[in-house]
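Here are a few friendly notes to read alongside the model.

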Amino acid sequence: MKVTINDVARLAGVSMKTVSRVMNNEPSVRKKTSDKVMAAVKELNYKPNLAARSLAGTKSFAIGFVYSNPNAYYVIDMQNGILSRCKEEGYELLIHPCSSTDENVLEEIQTMIERSRLSGLVLTPPLSERQDVTDLLDSIGINYVRILSGREPSEKESKPNAIFVNDHDAAYQITEHLISLGHKHIAFITGEEEHKSTLERLAGYKAALSAHNITLNDALIFPGKYSFESGVEGAKALMANNEKVTAIFACNDEIAAGALFASRLMDIKIPEQLSITGFEDSPFSKQTWPKLTTAHQSNQDIATQAAKLLFANSRPTKIKEEKMAICFTPELVVRDSTGNAL
């Protein structure tokens, strides 16, 4: 016969309500009582009916991953990272792509939350960087964790609800690597300005030039997008108009792959005549020839930590039990696409 919550309560010598509180990780239950209940759960091999628990409450045993990012590699890494933590917690994951530029995106997110009765959300850029999105989530009263480009929290909060990626310092390291190879005329192809990562990486590039007394040349900054095509277009424009350029820092690996392709079309040897770097260490960086120098961004680990933080915030007493990493700095990975300046 199927073991019920009543069987667990009888064996543990407590009420069904107490068993429910223990199974829901409510902090008010004494440890001695909780241990008794969990011992009974283990002895009886009790498996709670998640569907019934969901219907009885206001929230489902599911969290959401909401994103507006065309990069499939990034999305898959995020999905896998969040899923790994969901499995540990016994939760399902609802994946919801949307467009941050859609004028109805707020209504879309609200409808999705209300229909799914989600317990929480993980948000990635650029949605995570929009004040109107976080205002909406605060008004609904749902738990959420944002993944943001930045070096530290911009404001004091009663509880942590963000994972930061230090794009600035990683971009500084990439630029400094190029400078150490003798490059002084270093071009930069940006991503979309709506992504804070674009601004942070550009700021890191500028800071490294300044620290090494290299004058910034705005003509070497090409306004692009996070796409292969943008890398092709940017590299062609930069190399046609600036004969002194010896290196290109692309805002991500996809752009860098496009720049590398364009260089081959122009019969420019990499890295003998031109060094190219990317950012993120996506599969693009290893599929090109030569392989790209880049910054390794551990997207799956970042996503796992975001989900971990989301669950911890829903059970505040557990925050002290688990060390939370809230800031990641991508690390320089030197490969074959960079070499000494001529």
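This is a predicted model: local features need pLDDT of at least 70, side-chain atom pairs count only at pLDDT 80 or more; totals for chains, interfaces and linings use all residues.

1. Residues are numbered from 1 along each chain as its sequence is written, and side-chain values use heavy atoms, with hydrogens and water left out.

2. Glu 88 and Arg 85 pair through their side chains at 3.0 Å, N to O. Both belong to helix α5 (residues 72-89), 3 residues apart, which is about one turn of the helix; helices here are DSSP runs of H or I with at least four residues, strands are runs of E with at least two, and both are numbered from the N terminus. Glu 88 is exposed at 59% relative accessible area, whereas Arg 85 is buried at 11% (buried is under 20%, exposed over 50%, partly exposed in between, with a 1.4 Å probe and protein chains only).

3. How far apart are the N and O atoms of Asp 7 and Arg 10 in their salt bridge? The distance is 3.2 Å. These two residues sit 3 residues apart in helix α1 (residues 5-12), so about one helical turn separates them. Asp 7 is partly exposed at 25% relative accessibility, and Arg 10 is exposed at 56%.

4. Asp 281 and Arg 335 also form a salt bridge, with their closest N and O atoms 2.8 Å apart. Asp 281 is in the loop between β9 (275-277) and α12 (284-287), and Arg 335 is in the segment after β12 (331-333), so this pair ties together parts 54 residues apart in sequence. Asp 281 is buried at 13% relative accessibility, and Arg 335 is buried at 18%.

5. Finally, have a look at helix α6 (residues 105-116) and helix α7 (residues 131-140), whose axes come within 10 Å and cross at roughly 30°. That makes α6 roughly parallel to α7 (angles under 35 degrees count as roughly parallel). Leu 106, Ile 109, Gln 110 and Ile 113 in α6 meet Asp 132, Val 133, Leu 136, Leu 137 and Ile 140 in α7, where contact means heavy atoms within 4.5 Å.

Definitions and conventions. Axes are lines fitted to C-alpha atoms, for helices over the stretch in contact, and angles run from 0 to 180 degrees between N-to-C directions. Angles under 35 degrees count as roughly parallel, over 145 as roughly antiparallel, 65 to 115 as roughly perpendicular and the rest as oblique. A salt bridge is a side-chain nitrogen of Lys or Arg within 4 Å of a carboxyl oxygen of Asp or Glu.
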